[in-house]
Amino acid sequence: MQVLEVSQVSKSFGDVRAVQQVSFAVDKGEVFTIIGPNGAGKTTTLEMIEGLQRPDSGAITVLGMTWDRDADRIKMRIGVQPQASALFDLLTVEENLALFASFYDRHRPVAEIMELVNLTDHRGKRVKALSGGQKQRLAIGLGLINDPDIIFLDEPTTGLDPQARRNIWDIVLRLRGIGKTTVLTTHYMEEAEQLSDRVCIIDQGRIVAMDTPKALIGRLTREREIHLRFGADAEAAAAEGAVRTETNAARVERDGPHLRVRSRKPEATLHHLLGFASDGGWSIEQISIRELSLEDVFIAFTGKEWRD
Amino acid sequence: MAKSLKQLRMLFAAQIKETFRERQVWFWQILFPVLLLVIFMVIFGGGGGDFSAKVAIVGERSGVAAETFVASAEASGVLEVEKDLAPGEAKQRLKDNRLDAVIVLPGSGDTGEFRLLLNAERQSGSTAQAIGSIAGQLTAAANQAVTGSAPAFTLKTEYVSSGSRELEVADFLLSGMIALSIAQSGLFGMVGLVEMRRKGILKRLRMTPVNMRLFGIANMGVKFVLSVVQLALLAAIGILAFGAKPDFAPATFLLTFVVGTLAFTGLGYLTASVSKTLESYMGIANIASFVMMFLSGIFIDINVLPDWLKPVSKVLPLTYFAESVRGGMVYGSGLECG
C-alpha cells in the first residue's frame, strides 16, 4: 500500500533549479532514504512533502490526501524531525514532549516516547544541557509523539559522533521493527546502506538512481579491486609482470611494494597471484579485496567523486 | 473548545517557562529598570524633594528694593544666603562650585537690574533653573515693594502641577520609569521570538496542527505578566524607598496599561518581523528605545527640550504613553481627560 506519492515535482528558487521532475512512491512500513551531496535538493524535496513549501509543478499525495485540501489532517498523521533540531531550549525533555503532545487529537504517552528514544534518564533535564545526540533523539521523539503514519527524518545523524549516530540508527531500526514508514535523508552512504529498504540517489535536483541498496550495487560491473603489499619492491614488480597475463585482470597498477589489480573475477586472479607468490617464495604482507558500496554506485551513476 | 483551551494553557506555560528561565530576561527586563529607577531617583530625587541652594548676595544694599530682596530671600527658607562676601570672592566660590548662584544687587537708586550669576557648566541643571525662577519672583517682590503696591511678602517654593496634587520628582520619575520599562519590554521582548524563528521553532510548530493564533495569544499573555511584574516592583521601590505618593485613578491606569502594553508589544512584533537576524533586531530596538528614553519626557520634562527637538518628541509614542501613565497614577486623572 502506498502512503506517499510524489510525481513530477519541480521547484526553483530564482535561477536555481533545486528539484527537477522528481517522482517516487513510498510503501507502508518501508524505510525510504533520499541520499545525495549537500545542496542536491534533499531538504527541498522533503519540505515540499511536509507542506512547508509549494512545488512549482507536480503533485504530492500524503496518505491519500493533498496539502491544498487537507493540511490539518495531514499534519495530525505525520511526524517530522527537521534538520535544525528546533527545540524549546529552556524546557525539559518531558516538558517539550508534553507541549507537542497537546497539539494533537491523539498522542502516545510521553513516558513511552522517552523510553523509545532512550531519554527516560534525562527527562528532567533542560534541552540546553543535553548533548547533540540527545537533542537529536528528542527531536525524533517529538516527531513520534502523535504516533504518526509516516515519519520524516531530515539528516538525523549529521554532525554526530559515531556512537551517537549508532544510537539514532537503533531508533530507526526499532521504528522499522514496529512497521513505521520512515522517510530519511542523509549524506552518509553507509547509513543509507544499513538502514534503508530502498534508496533514492539524487544529485543536482534530479533522481540519479532508485532501488534497494543491494540491487543498486548489483547493477555495477562485477569488477573488484584487489590490493596486495609485498615484502620488497622487486617482488611486486615480478608479480605485476605475471598478473598482466591473467585474463580476468582489467587494470594493473604498482606503486613500490603495493600492487592494485582490478579484476572481473577476483577469486581467480587472486588464486593465480598466490600461485606465483608461493612458486617464487615471495612474501605477501597484506591482501584485501574492496567491497563495492553505494559510494561506488554514486560515482558510477554521476561520474563524480563522493564527498561526505 | 476544551482542546483549544488546553493548547493555550500549554503554550502559555511553555512560554512563561522559556521567559522566566532565561537569565537575560531577569537582568534586562526586571533588574535593569529597577537599577535605572534607583539611579535616577538618587540623582534627581535628592532626599525627599526638599530643595535648597546656597546663594551669595553681593553689591550695595541700599534702597527699599534691595532690602526687600535680601529679606525675602532669607525668609524664603529655600535659599541659604551669604550676605557679606566681596564680589570677587563670591565669583570665585561660584566657580569652585561652593556656591550655587551669586546675585548682584543693582547700584544705588531704586531702578536697575538684579544680576544673577550661575556656574556656566551647571546652567542646565535643575538647581540653576530653580534659582532662576526664585530670583525672578524675588525681583517681582522687590519691584512691588518699590511701587508700594504689594502686601507683606513671603516666598514658598511650590511646584504646582496641573493635576489634583503636586507632582514631585519621585512621582515624575516613577511614572516615567514604569512607562519606559513597559515600552522597553515590548520593544526588546521579542528577542525570544526572533531566536525561535532563527532556531526553526516557528517552522517546526507550523509542521504540527497547532493553532498559531493561540501561540501568538500566549506570547502576548507572557508580555502582560512581565509588565505586571515590572509595574509592581517599580511601584513598590518607588513608594517604599523613595517616598513617591502616587494618586491612582484605577480605570485610567488600567486602560493605559493594557493599551500601552499592546501597542509596544505590537511595535516589538513589527521590529521582529522586519529584522532577519538578532543583531539587526537589537540594533533597531536600541535606537528606538534610546531616542524615546530621552525625548519622551521620561527623565526630563519635554518642556525643557530645545524648540527644534520638540516636534520629534511629539511623534514618539512613548511621549503619550508616559503622559497617560502619569495621568493615571500621579494626577489621578479621570478617563475624560483623554
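This report describes the domains, sheets and contacts of a predicted model.

## Domains of chain A

The domain assignment divides chain A into domain 1, residues 2-218, and domain 2, residues 224-291. The centres of domain 1 of chain A and domain 2 of chain A, taken over C-alpha atoms, are separated by 45 Å.

## The six-stranded sheet of chain A

One open sheet of chain A has six strands, in the order β5-β6-β7-β3-β8-β9, and its pairing is mixed. β5 (78-81) and β9 (206-211) of chain A are the edge strands; each has a single partner strand, so one side of each is left without a neighbour in the sheet. From one strand to the next the twist averages 15 degrees.

Within this sheet, strand β6 (residues 150-154) of chain A and strand β7 (residues 181-186) of chain A run parallel and are joined by five bridges. Ile151(A) has Thr182(A) in β7(A) as its bridge partner.

Two helices of chain A lie across strands of this order. Helix α5 (residues 132-144) of chain A lies across β5 and β6 of chain A, and runs at about 165 degrees to β5(A). Helix α6 (residues 162-177) of chain A lies across β3 (31-35), β6 and β7 of chain A, and runs at about 155 degrees to β7(A).

## The four-stranded sheet of chain A

A further open sheet of chain A consists of four strands in the order β11-β12-β10-β13, with antiparallel pairing. The edges are held by β11 (249-255) and β13 (284-290) of chain A; each pairs with a single partner strand, so one side of each is left without a neighbour in the sheet. Neighbouring strands of this sheet are turned against each other by 15 degrees on average, with direction ignored.

Strand β10 (residues 224-230) of chain A runs antiparallel to strand β12 (residues 258-263) of chain A, and six bridges join the two. Leu228(A) has Leu259(A) in β12(A) as its bridge partner. Helix α9 (residues 233-243) of chain A packs on the sheet and touches β10, β11 and β12 of chain A; the direction of α9 makes about 165 degrees with that of β11(A). Helix α10 (residues 266-280) of chain A also packs on the sheet, where it touches β10, β11, β12 and β13 of chain A; the direction of α10 makes about 15 degrees with that of β10(A).

β10(A) also pairs with β13(A), in the antiparallel sense and over six bridges. His227(A) stands opposite Arg260(A) in β12(A), and it also stands opposite Ser288(A) in β13(A).

## Strand pairing in chain B

In chain B, strand β1 (residues 53-58) pairs with strand β2 (residues 79-82) in the parallel sense over four bridges. Lys54(B) has Glu80(B) in β2(B) as its bridge partner.

β1(B) is likewise joined by four bridges to strand β3 (residues 101-104) of chain B, and these two strands run parallel. Here Ala56(B) stands opposite Val102(B) in β3(B).

## A helix pair in chain B

Helix α6 (residues 169-188) of chain B packs against helix α13 (residues 317-329) of chain B at an angle of about 130 degrees, and their axes are 9 Å apart. Because of that angle, α6(B) is oblique to α13(B). The two helices, α6(B) and α13(B), form a right-handed crossing.

On the α6(B) side, the residues that meet α13(B) are Ser175(B), Gly176(B), Ile178(B), Ala179(B) and Ala183(B). Their counterparts in α13(B) are Leu318(B), Phe321(B), Ala322(B), Val325(B), Arg326(B) and Met329(B). The residues of this contact comprise eight nonpolar, two polar and one charged.

## Contact between chains A and B

How many residues does the contact take from chain A and from chain B? Chain A gives 18 residues and chain B gives 18 residues. On the side of chain A that touches chain B, α2 (67-77) and α3 (93-101) of chain A each supply at least two residues. By residue class, this side of chain A has 13 nonpolar, one polar and four charged residues.

Conventions: Residues numbered from 1 in each chain as written. Chains lettered and ligands numbered in written order. Predicted model: local features only at pLDDT ≥ 70, side-chain atom pairs only at ≥ 80, totals over all residues. Contact = placed C-beta atoms within 7 Å. Nonpolar A, V, L, I, M, F, W, Y, C, P; charged D, E, K, R; others polar. Axes fitted to C-alpha atoms, helices over the stretch in contact; angles between N-to-C directions. Parallel < 35°, antiparallel > 145°, perpendicular 65-115°, else oblique. Left-handed = near helix turned anticlockwise from the far one by under 90°. Pairing = 2+ DSSP bridges. Domains from an automatic or database assignment.
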